[in-house]
Amino acid sequence: MSFRPSGGLVLGRSGSTLLDRMAYALILTWGWRRWLVAFLAGAASALSQPPYFAFPVLWITFPVLVWLIDGAVASRRGGRVRRFLPAFAVGWSFGFGYFLAGLWWIGAAFLVDAGAFGWLMPLAVLALPAGLALFWGLGAAIAQAFWREGWRRVFALALGLGIAEWLRGTVLTGFPWNEIGYALTAGDVMMQSAGLFGLYGLNVLALVIFASPAALAPIFPGQRRPVALPFLGLVAIITLAGYGFVRLSDAREAFVPGVKMRIVQPAFDPASAWGPEDKDKVLDTFARLSTQGSPLTPGTVLVWPESSFPFALTEDPDALSRLADLMPPGVSLVTGAARVETLPDGSRKVYNSVYVIDDNGTIQGGYDKVHLVPFGEYLPFQGFFDRIGFTAVNQLPGGFSPGTLRHALSLPGAPSFAPLVCYEVIFPGAVVPRGERPGFIINVTNDSWFGRTSGPYQHFHFARVRSVEEGLPMVRAADTGISAVVDGYGRVIEQSPLGGDATVDSQLPIAAPKPPDVLARGFILPIMLCLCLALVLTRGTRSTR
């Protein structure tokens, strides 16, 4: 006895294993039940991300996604566009569950000022995952266009979602948060593969590895069980771990002589309406934490977090004078601060900046944040939102203005560094200025908006992966945490807990050798996608019976 749905797919009852029966049941699921299963599988997949790293769950959820798309392919009908809607709906439902479960913590930022933004929290918590899920819907539709029987459909999925994840990190300024490739970066050893493939390459690899068990359930009577693909997926995991082990076995801890880092982590309440009148309180807090423990000595670099001052530092000579009094000779300060620029017409632009300040209180260099947070630091379609009276979460009229150039900054007596503000650190291949290789990275951020949720842990892990990709140490100063010093292999040298005031002292690690991905950036992802396409198009028939 067999079932022949629209599209001609034949499902026999020859399968006798539990896996066969589960696959058949999922393929035959239709309507809202198919979408609900996809949503639940996507939500479970979020457990593969930090801080949980339960990546084995993907060996269950990704085969479920493959079998649901099998059913969507079998039931397709209509014109050229409509025939892709069932697969798109499956991909979107899976993605919506994944992003909703992985990004729920974003709602905490809207509760900081609940009176002004609390009503937006449900909308934001649902709208962002729904929008990001469109990329997964597109990826599933692309996969359907190349869908084949047997093991080839695993590579069709890797092709479609690999493209979708790259687009998600690029389109409309991009938001590559919780990319599926991070599931392969749990722990210091596994993390080293990011230096070999880059995050977008890891996305494709993860999709193949975790979707491969779907091939074990033949969807046509008489088909073979291609055990080689799941076996190779397991071998790939072991190989990645082996590569990481070998790379770390040759990595010795080495530090820049004569340079010490002191990271100051305040715990300012984001709900407090900080203003210029709070200058003394803020500066006193930073002075107390900066001198906490051992005294400041020559060769020390102080690092303070993003937007450390509730006033324009360059317009307050008294504040700069107090900073000079704080720092003994030979000590430098790297701090986040707002920069105000007055234009000839009298209008003002505000930048989210990083300054280097010497022991005389003189600003030696600065960087304006290039990659701003949509709706957090600026409003897309500003004119429309101005008309309806809506402001960005920072409540700055007009929002921040973006910087124009990513560049390194110099430090007296220390290597140059690449400054990154907040979520600029999540963008693979965009954390170091083109043509430059600084000695390390400084990431200043304010994660107090998200409290003790999974968000700050995710943010910190992504920063560590950027260090591995670039082979560069990272010094991270975060309001409320997590502040840390990480070496060029992503290993944590020193770290503060999340929440509360803290001072972190550490030496500065020496940069690691350039990983292979840095030498071949821009080529790895296209090569892997072309390989997937070639495997899909090898001898075999399309799923159009």
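## Basis of the model

Residues are numbered from 1 along each chain as its sequence is written, and side-chain values use heavy atoms, with hydrogens and water left out. Because the model is predicted, local features need pLDDT of at least 70 and side-chain atom pairs count only at pLDDT 80 or more, while totals for chains, interfaces and linings use all residues.

## Helix α17

Helix α17 covers residues 524-536, where a helix is a DSSP run (H or I, at least four residues) numbered from the N terminus. Its buried residues (under 20% relative accessible area, 1.4 Å probe, protein chains only) are Ile-524, Leu-525, Met-528, Leu-529, Cys-532 and Val-536. These residues lie on the same side of α17 because they cover an arc of only 130° around the axis, the arc being that of the directions from the helix axis to the C-beta atoms.

## Salt bridges

Side chains of opposite charge can pair when their charged atoms come close. The model has 17 salt bridges, each a side-chain nitrogen of Lys or Arg within 4 Å of a carboxyl oxygen of Asp or Glu.

In one of them, Asp-70 meets Arg-153 at 3.0 Å, N to O. Asp-70 lies in helix α3 and Arg-153 in helix α8, so this pair ties together parts that are 83 residues apart in sequence. Asp-70 is buried at 3% relative accessibility, and Arg-153 is buried at 1%.

Asp-284 forms another salt bridge with Arg-322, with the closest N and O atoms 2.7 Å apart. Here Asp-284 is partly exposed at 41%, and Arg-322 is partly exposed at 27%.

Key:
Helices (H or I, at least four residues) and strands (E, at least two) are DSSP runs, numbered from the N terminus. The expected span of a helix is 1.5 Å times one less than its number of residues. Buried means under 20% relative accessible area, exposed over 50%, partly exposed in between (1.4 Å probe, protein chains only).
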